[in-house]
Structure formats: structure tokens, C-alpha cells
Amino acid sequence: MAWPRLVCDGEEAVGFVMAFFDVPFDVDGPGAAPRSGLWRLAVSADHQGAGYGRFAVAAVCDEVRRRGGSTVTVTYKPGEHGPEGFYARLGFRALGMTDDGEVLAEMNLPERDLSEVDPTEVDRTELGPTEGGPAAPAA
């Protein structure tokens, strides 16, 4: 099941997040428990570093919890300007590579409240938290 949401600040669209719920991963092998997590996350270049990415991830985590889940999954392309540091600071840990050449990472939801992430830990060239409050994702 796809869960697309527009991230807005007032009337302005600043990003997009899409989550998935209870989807089996081919890399886990037959009989493995389905996963839930982030499918896509994008924040416009002009709005990166303002907390919208962290807010979007927190919204996905809240929805996974609401649906009874306790683990959130994400995959991403590794690389110098990739999102690895962003996800690691939020509490995701890399599990290995998928068959598509992406890193598979997960986070146990009780581990860390995303509001605890210190804005000074984040490289401003990445999607990261700062003080201020982005608006809730539009339904």
C-alpha cells in the first residue's frame, strides 16, 4: 500500500514523502515478515536544512506505529552526497545492500524520538532538522 503525502509550509509545497506498509522484500527470502517504511522522500532544494525531511520521516514513523508496526525501513543509493548521514542521525542502521544496489536500513521505533535529534549534528547540505515547525503533511 502506498501512502503519498505532500509536505507543506502553510500554502507552499516544500516536499513529498511516500511510505509503504506490509510489503515483502525479495532480498529477505520467502516467508520473511513484510516491512513498512519510506519509499521516497524529497524536499525542494530551497527548503533543505529546515527540518522538513525530519518532519516527513517522523510522520511516516507515526503512521507505522499507528498501524501496529515497530520497525521502519528505508533504502537509498550510497554515495558522497547521498542521504546516509541524514538517516543515520535519525537512528536508521544499515543492514546491507539490496539487489538494486541500494542500502537497506531500518530503525526500531522505540529506539529514538526524532525530536531528540540535535540540529547542530546535521550537515546543512542534507535534509536535516533546524528549529522551526513545518506544517503537517497534506492528506
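A contact here means heavy atoms within 4.5 Å. By that definition, residues 24 or more positions apart account for 58% of the contacts in the chain with a separation of 6 or more.

This is a predicted model, in which local features need pLDDT of at least 70 and side-chain atom pairs count only at pLDDT 80 or more, while totals for chains, interfaces and linings use all residues. Residues are numbered from 1 along each chain as its sequence is written, and side-chain values use heavy atoms, with hydrogens and water left out.

**Whole chain**

Show the chain as a cartoon. Its secondary structure comes to two helices and seven strands, in the order β-β-β-α-β-α-β-β-β from the N terminus. Helices (H or I, at least four residues) and strands (E, at least two) are DSSP runs, numbered from the N terminus. Of the 139 residues, 42% count as buried; buried means under 20% relative accessible area, exposed over 50%, and partly exposed in between, with a 1.4 Å probe and protein chains only. Switch to a surface: the chain exposes about 7400 Å², and carbon and sulfur atoms supply 50% of it. These areas come from the Shrake-Rupley method with a 1.4 Å probe; for residues, only the protein chains shown count as cover.

Select residues 2-9 and 12-23, which are strands S1 and S2; they pair in the antiparallel sense over eight bridges. Two strands pair if DSSP finds at least two bridges between them. Ala 2 has Phe 20 in S2 as its bridge partner. In the hairpin, two residues lie between the strands, and Gly 10 takes a positive phi near 65°. Val 23 has its bridge partner, Arg 35, in S3.

Stay on S2 and pick Asp 22, which is placed in this strand. Its phi is near 55°, a positive value in a residue other than glycine. Asp 22 counts as exposed because its relative accessibility is 56%.

**Aromatic rings**

Rings of Phe, Tyr and Trp (its six-membered ring) pair if their centres lie within 6.5 Å; planes under 30 degrees apart count as stacked, over 60 as edge-to-face and the rest as tilted. The structure holds four aromatic pairs. Select Trp 3 and Phe 21, an edge-to-face pair at 6.0 Å centre to centre with 80° between the planes. The pair links distant parts of the chain, with Trp 3 in S1 and Phe 21 in S2, 18 residues apart. Both residues are buried. Next, colour Tyr 76, Phe 86, Tyr 87 and Phe 92, which form one aromatic cluster.

**Helix H1**

Move to residues 52-66. At 1.5 Å a residue, the 15 residues of H1 should span 21 Å, and the end C-alpha atoms are 21 Å apart, so the two agree. The expected span is 1.5 Å times one less than the number of residues. The buried residues of H1 include Tyr 52, Arg 54, Val 57 and Glu 63. Just after the helix, Gly 68 takes a positive phi of about 95°.

**Nonpolar core**

A nonpolar core is a set of buried Ala, Val, Leu, Ile, Met, Phe, Trp, Tyr and Cys residues joined through side-chain atoms within 4.5 Å. The largest has 27 residues, of which Leu 38, Val 57, Tyr 87 and Phe 92 touch the most other members. H1 gives the most to this core, with seven residues.
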